[in-house]
Amino acid sequence: MKFQVKALVAALALSAATIPAHAAMTFATSGSSSLILTLLDFNSNTSATFDLGYGYDSFQSLVVDAHTNGTLSADGLSKTFSFDLAGGDYANAWSSFWNTASASTTKWAIYAADGTGTGLDSRGIISTYKSGSNLTNSNQLQTSIANFNSYMTNNNALDNHNTVDDGASIVTSNLSQAYAGRAVAYGSTGRINAQGHVSMDNLDSTMTVVQQKMGATQASAPSFNTLGLNGNFQFKMNSNGALEFVVPVPEADSYAMLLAGLGVVGLVARRRKA
């Protein structure tokens with residue numbers, strides 16, 4: 001795949017987005033939720049929640065950051081942008097998680113949502129996808145967003161979520177309301193609120209990023225799409241603590257179209273918040 005560097009640099013100069021630092025997570029019941037990573041070991045009843053510093057509405061900024069700051073693959077076809085879960089403000093939760101959890105039985109997933117939009121396809125969930133069927137009606141999507149919010153808000157009160165820009169928390173009991181194995185979160189099946197597709201997989205695996213969307217008054221099944229050019233935005237969770245977001249490196253004209261589309265999404269998000 002040919003790649004025109006000058007065209008890409010020009011496009012990035014016009015379209016680069018900044019991510020505002022913030023303490024505490026945000027929630028889908030009041031707009032765009034934080035993009036979070038969950039680790040869950042069912043055997044030890046241990047879970048950890050990491051605020052990745054992006055949100056449902058600002059997900060497009062992660063794509064831009066990956067292209068500007070990511071590491072180019074050996075074949076030149078993709079770039080990888082990494083989060084270091086073993087360092088910085090994540091370090092305590094990461095190391096504490098492994099005091100009780102086992103890498104061989106730990107699963108992971110990515111989640112962000114918006115449950116308050118009023119326009120067409122303005123509400124939805126961005127998540128990882130492993131396998132299974134999708135949601136069959138809009139009520140399932142709205143209920144999943146509302147119930148998953150309980151898991152997030154309970155974690156928000158723990159550890160350093162409220163004291164650093166992007167924090168992390170750990171729970172070591174399945175009796176805790178912040179435990180990711182509760183039915184309102186991922187339950188015992190790795191499905192969000194026990195609905196739709198399986199969002200969790202083992203460590204050292206790669207999953208596709210998908211989005212399910214609906215309008216505020218939609219009665220039919222939510223739309224379902226894989227994200228990226230040809231559906232190839234992916235996350236990989238490594239057992240060494242590196243969470244990788246992988247994006248393709250497209251030809252310049254395709255990339256310009258992608259950035260234009262993401263710009264429209266960002267404009268809509270800003271107008272909704274105004």
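Strand 7 (residues 168-171) is covered on both faces. Ala 168 and Ile 170 on one side, and Ser 169 and Val 171 on the other, are all buried (under 20% relative accessible area; exposed is over 50%, partly exposed in between; 1.4 Å probe, protein chains only). In a regular strand, side chains alternate between the two faces of the sheet. Strands are DSSP runs of E, at least two residues, numbered from the N terminus. Strand 7 pairs with strand 2 (residues 46-55) in the antiparallel sense over 4 bridges; pairing requires at least two DSSP bridges. Val 171 of strand 7 is the bridge partner of Ser 47.

The model is predicted: local features need pLDDT of at least 70, side-chain atom pairs count only at pLDDT 80 or more, and totals for chains, interfaces and linings use all residues. Residues are numbered from 1 along each chain as its sequence is written, and side-chain values use heavy atoms, without hydrogens and water. The average pLDDT (the predictor's confidence in each residue, from 0 to 100) is 85.

The whole structure holds 12 aromatic pairs (Phe, Tyr or Trp six-membered ring centres within 6.5 Å; planes under 30 degrees apart are stacked, over 60 edge-to-face, the rest tilted). Tyr 54 and Phe 83 are edge-to-face, because their planes stand at 85°, with centres 6.2 Å apart. Tyr 54 lies in strand 2 and Phe 83 in strand 4 (residues 78-84), 29 residues apart. Both are buried.

Phe 233 and Phe 245 are also edge-to-face, with planes at 65° and centres 5.9 Å apart. Phe 233 is buried at 4% relative accessible area; Phe 245 is buried at 0%. Ring pairs link both into a cluster with Phe 59 and Phe 235.
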